[in-house]
Amino acid sequence: MKKTIIYLIRHGQTEWNVNERFQGHQDSPLTELGVKQAQWLGESIQNEKIDIMYSSPSHRTLRTAEIIRDAREIDIIESDDFKEINLGIWEGKRQEEVKEKYPEQFNNFWHDPEKFKVQSSETFQDVIKRSVNKLDEILHINQGKSILKVTHTVVVKLLMAYFEDRPMKNIWNPPFIHPACLCKIEFQMNKPKVILHGDTKHYKEEPFFG
């Protein structure tokens, strides 16, 4: 049986990444470096066969997907199930401010994500449920194809933990998910094999921790 391949990608660097603001369902534009990061990744996989692309509908992910696609005639399908975690009242706030104002939940977010919840937010469990359900649907209807998906940090971390059978409490363990980094997973007989995880070999400048 032919392998199904998933290319799982985080969006390029954004203005709020630089300002260390939580984005969640809110949005900010790609920086000049963020555009370059997407271009470098697109160039690095230009000879790889891509049958279909999926993206979160956030502008930062769609723009990253469009840059990676470049002149190729590939459909980009938007899916709310691949949006970043909804961070409720934290969205748009700087991490330093959130840490000071909500110390317990800030600690939970980074060190005990199963306990994370703030006003109007999703939980990590909500995100893994919607993203895995959508992924299973995509794999079912695209067997034997190469699928590129552009999403967000929490979704990437949760999906990679799912593929690696990693407990949720350890999702923030390395590797770091840099902007426009690449994860590659091959599926055969519905069994995932992680080929790349947070790869940045396509970078032409030092990575930015955003």
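This is a predicted model: local features need pLDDT of at least 70, side-chain atom pairs count only at pLDDT 80 or more; totals for chains, interfaces and linings use all residues.
1. Helix H2 passes helix H3 in a right-handed crossing. H2 spans residues 32-44 and H3 spans residues 59-69. Their axes lie 8 Å apart, and the packing angle is about 40°. Angles from 65 to 115 degrees count as roughly perpendicular and those under 35 as roughly parallel; H2 and H3 are therefore oblique to each other.

2. Which residues in H2 and H3 meet? On the H2 side they are Val35, Ala38, Gln39, Leu41 and Gly42, and on the H3 side they are Thr64, Ile67 and Ile68. Sorted by class, this contact of H2 with H3 has five nonpolar and three polar residues, with no charged residues.

3. A second pair of helices is H6, residues 124-141, and H7, whose axes are 10 Å apart and which pack at an angle of about 70°. That angle makes H6 roughly perpendicular to H7. The crossing in which H6 passes H7 is right-handed.

4. The contact between H6 and H7 can also be described by residue. From H6, Phe124, Val127, Ile128, Ser131, Val132, Leu135 and Asp136 take part; they meet Val154, Val155, Leu158, Leu159, Tyr162 and Phe163 in H7. By class, the contact of H6 with H7 has eleven nonpolar residues, one polar residue and one charged residue.

5. Aromatic side chains deserve a separate point. How many aromatic pairs does a search of the whole structure find? The search finds 16 aromatic pairs. One aromatic cluster is formed by Phe22, Trp90, Tyr102, Phe106, Phe109, Trp110, Phe116, Phe124 and Trp172. Phe124, a member of this cluster, is also one of the H6 residues that meet H7.

6. An aromatic ring is also paired with a lysine. Lys149 lies over the face of Phe82, at a distance of 3.8 Å from the ring centre.

7. The loop between helix H7 (153-164) and strand E5 (182-188) contains Pro175. What kind of peptide bond joins Pro174 and Pro175? The bond is a cis peptide bond, with omega of about 10°.

8. Ala180 is found in the loop between H7 and E5 as well. Although Ala180 is not a glycine, its phi is positive, at about 60°.

Technical notes:
Residues are numbered from 1 along each chain as its sequence is written. Side-chain values use heavy atoms; hydrogens and water are left out. Axes are lines fitted to C-alpha atoms, for helices over the stretch in contact, and angles run from 0 to 180 degrees between N-to-C directions. Helices (H or I, at least four residues) and strands (E, at least two) are DSSP runs, numbered from the N terminus. Angles under 35 degrees count as roughly parallel, over 145 as roughly antiparallel, 65 to 115 as roughly perpendicular and the rest as oblique. A crossing is left-handed if the near helix is turned anticlockwise from the far one by less than a right angle, and right-handed if clockwise. Contact means heavy atoms within 4.5 Å. Ala, Val, Leu, Ile, Met, Phe, Trp, Tyr, Cys and Pro count as nonpolar, Asp, Glu, Lys and Arg as charged, and the others, Gly among them, as polar. Rings of Phe, Tyr and Trp (its six-membered ring) pair if their centres lie within 6.5 Å; planes under 30 degrees apart count as stacked, over 60 as edge-to-face and the rest as tilted. A charge sits over a ring if NZ of Lys or CZ of Arg is within 6 Å of the ring centre and within 35 degrees of the ring normal.
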